[in-house]
Each structure stands twice: as C-alpha cells, then as structure tokens.
Amino acid sequence: MAMANNITDLVNKIEYRLGLIPLADHLPKEFSKDKWAGVIQRDTLVTFSRYFPNRVRFPVNTKTCDKAREDGKWVYYIKDEFLGGAKLLGAMDIDWQDTSADNLSVGQTAGYGYYIPNYGGMESTFDAFLSTQMSADVASLYNNNIYLEFTYPNKLSITRAGNIDVNLQSFVVTLLVEHSNLSTISPTKMETFEALAQADVANFLFMNLRYYDQLETIYVNIDLKLNELEQAAGKRQDIIDEIKNSYVSAANDNIPYIMTVSG
C-alpha cells in the first residue's frame, strides 16, 4: 500500500524528534511504535482534512448518483460506492475546465459562451487575451449565475437565477474529500502536517503513559519523565491556530481566492 512507506518515515521522524528511541522498544504493546500510525490516521488526517481537504473530480450521472425531483429542481445523491471509501466533506463547483459530458452546454448558455476557439501564435497572444476578455464581459450580461449547491452529507443540485430548470444527464464537479493517506497531501504542507502528527502522537503517549509513571513494582520503580511529551502534546492547539490563520489564504487550493494587482 502506498501509504505504508510514508507513514513509516513519518513515525520514525516523530520517534527521534520526541527523543523516544531509547524508550520505544520498552513501551507497553498497546502504545508501541506500530500503533502510532493509527493515531495519525484517526486524528491527524481527519483534522488536517477539515482545513485542507483532498480535491477530486467526480462525474455526476445516473450511475454515480440517485437523481430525483425535489422542490422544483433536480437533485443528485452521490452513491457511497463511487467515492472509493473516501469521506465526503463538501463540493466546490462544476469543473468548467472539463468540456466533456454536459459541462460545455451549461457554459454556452451564459451569453457568448466560456469556450472560445481562438488559439493564436505568439504574435497574436495579446489580441487573443483581449478577445477573450471582451467575450467574457458580454457573456456576463446574460449570465444566469449557474452555481453548484451542496447539502451535507451527499446532496448536489445546480441552481440558476430566475428558477430556470437545469436537467443534465452528465456533468463533472469538484468534490472535497478526506485524505486517506499522505500521498494526497502537498509537500508544501507537509511541515505543518508533520508538526500536527507529532503533537497527536505525543498526546496519545502522554495521556496513556502517565498512568504508568511512578508506578512501583516488585522489580523497579518506573519513572518515565513525561514532561517533554506533555509539552509536545500542548503544541497541538498552537498548530491548529496556525492552520486556521492560513486556511483562508492563497495557501489553500480549495477556496475561491482571487488576487488582483493594480499598476
């Protein structure tokens, strides 16, 4: 499984960052190193996905969804079996870059259309940009404000101004799902993810091993020195605050963030 090597590398990194190499082989079995991957899967991936989910293209049709008529419009209920086991968190928009299915026909209803067959060479690039912008300006006059509505947990619908009915046989949308492994997390976000995973593992160990600390047995008086683990676990909220601060920014691919530069 692709996840195994990534998780193994991350667990090894957490082990030496927390200074647990001398202790790892002596931990109780239920808290041993091979259990840490489960903590990352249950806690870290879930929390991280809520702020930086995995973005996937999804075809909406009668095979992948149950289609029904509700409140005067067509709605689509996504079937779980076509999500590949991933947990659905939300939906972004119709994938306008996809010209297959019925996406193109929806785009063409907005005035002059979104797709303009104007591919010039270097000498006409500037004119092509001007032509595209002018067409977009004209199209905006007749735009019916087509947008996607998502209702948790799995309901999709297309809404337009004036209650104009939209009945498509097939179109493509961009869904937001929970990361199932590390391979779908951008390398530019891994530093934050690793810090969160380290805090989660430290919290798991501290909250459980504290019951073993200072425990007297007939063989030895156990003194685990858990202060460092407690401090590492306490950093989790600071990391969450950092993620929240960067959630609505250009660092997040999953928000409609536009930057405008004026000269």
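Tutor: N181 counts as buried, because its relative accessibility is 15% and the cut-off for buried is under 20%. This is a predicted model, and the values that follow are computed from it. N181 sits in the loop between β7 (170–177) and α6. Its side chain makes a polar contact with the side chain of S180, at 3.4 Å.

G85 and S180 are 95 residues apart in sequence, yet their C-alpha atoms are 8.7 Å apart in space. G85 belongs to the loop between β3 (73–78) and β4 (88–94). With 75% relative accessibility, G85 counts as exposed, because the cut-off for exposed is over 50%. N181, by contrast, is buried at 15%.

N167 is found in the loop between β6 (155–159) and β7. Its relative accessible area is 40%, so N167 is partly exposed. Leaving aside neighbours within four places in sequence, N167 is in contact with K67 and W74. With K67 there is a polar contact between the side chains, at 2.5 Å. N167 and S157 are ten residues apart in sequence, and their C-alpha atoms are 9.8 Å apart.

Now to the helices. The loop that holds N181 runs between β7 and α6, and helix α6 (residues 190–209) packs with helix α3 (residues 36–51). The axes of α3 and α6 come within 9 Å and cross at roughly 130 degrees. The two helices are therefore oblique to each other. Their crossing is right-handed. On the α3 side, the residues of the contact are W36, V39, I40, D43, T44, L45, T47 and F48. On the α6 side they are F193, L196, A197, D200, V201, F204 and L205. By type, the residues of this contact divide into eleven nonpolar, two polar and two charged.

Helix α3 also packs with helix α8 (residues 236–247), with the axes 10 Å apart and an angle of about 25 degrees. α3 and α8 are therefore roughly parallel to each other, since angles under 35 degrees are classed that way. This crossing is right-handed too. From α3, the contact uses D43, T47, F48, R50 and Y51. From α8, it uses R236, I240, I243, K244 and Y247. The residues of the α3 contact with α8 divide into five nonpolar, one polar and four charged.

Among contacts between residues at least 6 apart in sequence, 70% join residues at least 24 apart.

Terms used
Residues are numbered from 1 along each chain as its sequence is written. This is a predicted model: local features need pLDDT of at least 70, side-chain atom pairs count only at pLDDT 80 or more; totals for chains, interfaces and linings use all residues. Side-chain values use heavy atoms; hydrogens and water are left out. Axes are lines fitted to C-alpha atoms, for helices over the stretch in contact, and angles run from 0 to 180 degrees between N-to-C directions. Helices (H or I, at least four residues) and strands (E, at least two) are DSSP runs, numbered from the N terminus. Angles under 35 degrees count as roughly parallel, over 145 as roughly antiparallel, 65 to 115 as roughly perpendicular and the rest as oblique. A crossing is left-handed if the near helix is turned anticlockwise from the far one by less than a right angle, and right-handed if clockwise. Contact means heavy atoms within 4.5 Å. Ala, Val, Leu, Ile, Met, Phe, Trp, Tyr, Cys and Pro count as nonpolar, Asp, Glu, Lys and Arg as charged, and the others, Gly among them, as polar. Buried means under 20% relative accessible area, exposed over 50%, partly exposed in between (1.4 Å probe, protein chains only). A polar contact is a pair of N or O atoms within 3.5 Å; within protein, one must be able to donate a hydrogen and the other to accept it, and residues adjacent in sequence count only if both atoms are side-chain atoms.
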